[in-house]
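Here are some notes for a colleague who is opening this entry for the first time. Please read them with the sequence and the structure side by side.

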Amino acid sequence: MGVAPRVIPDANTITTSETDDIVGKGHEFEIHFNSSRHWTVMASVTEKQTINTRLARNVTQYINERMPVWTTIVDPRTNTLWWNTLYGSAPETPFVAFRRLVANPLQTARATEGLSRPQLRRYSGVVSTNFRLAGITEHNVIKRFNVGGAVRYESKGAIGYYGGQQLPAIITDFNINRPIWDKEHFYVDGFVGYRTRWWKDQIGAN
């Protein structure tokens, strides 16, 4: 492992991790309109961005320090490099596991440092309304109902990246300039509510 034996217990119990800074910024406009005490309308439009900064600098340094050791360890039982050897029922070598679990995600994150995250849907909006039937009837039961709905929108968002290589080559890294986009979405909501009172009119419930 290239470290003193006394260090191994600490290495096995202390998680190698680090934080990074996230800068969020954006704008939101919201309008509330009450044409009467029975009918309300709300609309909002949001534009937002999230940017990674100071991303895992010490983790990168740790990997750079350990890589010369990981890639040169020879298993004396097989006389092969540990880095490229399959062990037991493992589906992949240490090298392939490192590329998949650590190197590729970290490389993508570093490459997008200082840029807006495409995974975050930048634009969204909603229009919702609610109407209490007491505005049109005095019926003892019907006037307790309210009805409403909403229309929501969110812009496209990235769900991944295309590979840096072209098939049938083995994909080993991502092309951050080619996100895989999920299309924009519209949602329609509707609801019906009823207001009553329990326990001899002491507790209000919807």
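1. Is Val-3 buried, partly exposed or exposed? Val-3 is partly exposed, with a relative accessible area of 35%, where buried means under 20% relative accessible area, exposed over 50% and partly exposed in between, for a 1.4 Å probe and protein chains only. Val-3 is placed in the segment before α1 (8–13); helices (H or I, at least four residues) and strands (E, at least two) are DSSP runs, numbered from the N terminus.

2. A word on the basis of these notes. The model is predicted, so that local features need pLDDT of at least 70 and side-chain atom pairs count only at pLDDT 80 or more, while totals for chains, interfaces and linings use all residues. Residues are numbered from 1 along each chain as its sequence is written, and side-chain values use heavy atoms, with hydrogens and water left out.

3. Together with Met-1 and Val-7, Val-3 makes a nonpolar surface patch of about 240 Å². Patches are made of residues with over 30% relative accessible area and no salt bridge, like charges being joined within 9 Å and nonpolar side chains (Val, Leu, Ile, Met, Phe, Trp, Tyr) within 5 Å. A salt bridge here is a side-chain nitrogen of Lys or Arg within 4 Å of a carboxyl oxygen of Asp or Glu, and accessible areas come from the Shrake-Rupley method with a 1.4 Å probe, where for residues only the protein chains shown count as cover.

4. The largest nonpolar core has 10 residues in all, among them Leu-55, Ile-63, Trp-70, Trp-83 and Phe-98; such a core is a set of buried Ala, Val, Leu, Ile, Met, Phe, Trp, Tyr and Cys residues joined through side-chain atoms within 4.5 Å. Both α2 (57–70) and α3 (94–111) supply at least two residues of this core, and the largest share, 4 residues, comes from α3.

5. A search of the whole structure finds 8 aromatic pairs, a pair being two rings of Phe, Tyr or Trp (its six-membered ring) with centres within 6.5 Å, called stacked if the planes are under 30 degrees apart, edge-to-face if over 60 and tilted otherwise. One of them joins Tyr-62 and Trp-70 edge-to-face, at 6.3 Å centre to centre with 70° between the planes. Of these two residues, Tyr-62 is partly exposed at 35% relative accessible area, whereas Trp-70 counts as buried at 16%. The rings of Phe-145 and Tyr-194 have centres 4.7 Å apart and planes at 55°, so this pair is tilted. Because Phe-145 lies in strand β6 (residues 145–154) and Tyr-194 in strand β9 (residues 185–194), the pair ties together parts that are 49 residues apart in sequence.

6. Two rings have a charge over them, which requires NZ of Lys or CZ of Arg within 6 Å of the ring centre and within 35 degrees of the ring normal. Lys-156 lies over the face of Trp-181, at 4.4 Å from the ring centre, and the charged end of Arg-178 sits over the ring of Tyr-162, 4.2 Å from its centre.

7. Most residues other than glycine have a negative phi, and most peptide bonds are trans. The peptide bond from Leu-167 to Pro-168 is cis, with omega near 15°, and Pro-168 is in the loop between β7 (157–163) and β8 (174–182). Asn-79, in the loop between β3 (74–75) and β4 (80–81), has a positive phi of about 60°.
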